[in-house]
Amino acid sequence: MQQTRLDTGRIRAARRMIDPVFLDTPLYRCEALEPGLGCAVSIKLETANPVRSFKGRGTELVASLLAGNGSRAAVCASAGNLGQALAWSGRGRGLDVTVVASRHATVAKLDRIRALGARLELVDGDHELARERAADIARHDGIRLVEDSLDIETCEGAATIGLELVDAAPSFDAVLIALGGGAMATGVGHVVKALAPDVEVICVQPLGAPAMTHSWRRRRVVTTDSADTIADGVAGRCPIPAVLDDLLLVADDAVLVKEESIIAGMRMLLDHAGLVVEPSAALGVAAILEDRDRFAGRHVVSIVCGSNVDVDAYHRWVGAAAI
């Protein structure tokens, strides 16, 4: 495999810097899902931790390195999950954390960022505007800007998921990974292609936020003017060139799925796995629903990457009697 920015040795060492509460998450065959999907399905559950998403793996690395270097503050832009994770990791290490988010972000995510002690600044725009504002704060205050997917720690933290998949040595044929900025896709993809190269790495993105998938397909950065999806955690418009370069080396495919398939996936995960998940976490199931023939007879791992949902919105999507 050609070299990505990631290093497998550093990824193994990263496990020693990450709070064990984020490590060795459940990986199990979910037979109840299989009749509706037509293939063997295993779930890698990244929601059973204090921030209810995989993002803590990366922010633990970032915060550990910052604290070790004597830094006292950091700022990030977030749709919600990275902000919660950085707030949690920073709080434990005495860091002052500022999170910039869209005023239209999921309320439950914003409330949790505040509850974890971070300073929250809201912008009247989308995630890309939040990224610009976070960069301005970092320059003005002279503090560390944490950029998800660009900062290698966020990718190598997420890559520890891949180590756990490979080290468990299940006989799976493909792994389905939600694709947003690319930290999880490049991280897990790097490890899988380095250690289990025959496993197909498939990235999944909503039709309403296709920038990274279009970029992967055209092998160059493609931006979009807007993003329109309920999967707010992957609703970026401006891919990062270095991240795309890594993704081109590790992803076997990138697919787009419809909103109705995402909702159907959320409903299936509730009804058949007992899991309340955010839309981004249902992308893998949505991909199987839209292309059953592709996965028939195969063993697929879907990474369930987050469960931070607004209850009212969840009721609207999945059904008022859902929870």
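## Strand β10 and its sheet

Valine 175 stands opposite valine 301 in β10. This pair belongs to a predicted model, in which local features need pLDDT of at least 70 and side-chain atom pairs count only at pLDDT 80 or more, while totals for chains, interfaces and linings use all residues. Residues are numbered from 1 along each chain as its sequence is written, and side-chain values use heavy atoms, with hydrogens and water left out.

Helices (H or I, at least four residues) and strands (E, at least two) are DSSP runs, numbered from the N terminus. Two strands are said to pair if DSSP finds at least two bridges between them. On these terms, an open sheet of mixed pairing is formed by six strands, in the order β1-β2-β10-β7-β8-β9. The edges are held by β1 (27–29) and β9 (253–257); each has a single partner strand, so one side of each lacks a neighbour in the sheet. From one strand to the next, the twist averages 25°. Angles run from 0 to 180 degrees between N-to-C directions, and axes are lines fitted to C-alpha atoms, for helices over the stretch in contact.

Strand β10 (residues 299–304) pairs with β7 (residues 174–178) in the parallel sense over three bridges. The strands β2 and β10 also run parallel, joined by six bridges. The table lists residues that stand opposite one another.

| Residue | Opposite residue in β10 |
|---|---|
| Alanine 40 | Histidine 299 |
| Leucine 176 | Serine 302 |

A residue is buried under 20% relative accessible area, exposed over 50%, and partly exposed in between (1.4 Å probe, protein chains only). Six of the six residues of β10 are buried, so this strand is largely enclosed by the rest of the structure. His299, Val301 and Ile303 point one way from β10, whereas Val300, Ser302 and Val304 point the other way.

Helix α7 (residues 152–167) lies across β1, β2 (40–45), β7 and β10, and runs at about 135° to β2. Contact here means heavy atoms within 4.5 Å.

The cysteines complete the description. A disulfide is a covalent bond between the sulfur atoms of two cysteines. It is counted when a pair of cysteine sulfur atoms lies within 2.5 Å. The structure holds zero disulfides. Cysteine 76 is in none, and the nearest cysteine sulfur, that of cysteine 155, is 15 Å away. Cysteine 76 is also buried, with a relative accessible area of 0%. For cysteine 203, the closest cysteine sulfur is in cysteine 305, at 12 Å, which is too far for a bond. Cysteine 203 likewise counts as buried, at 0% relative accessibility.
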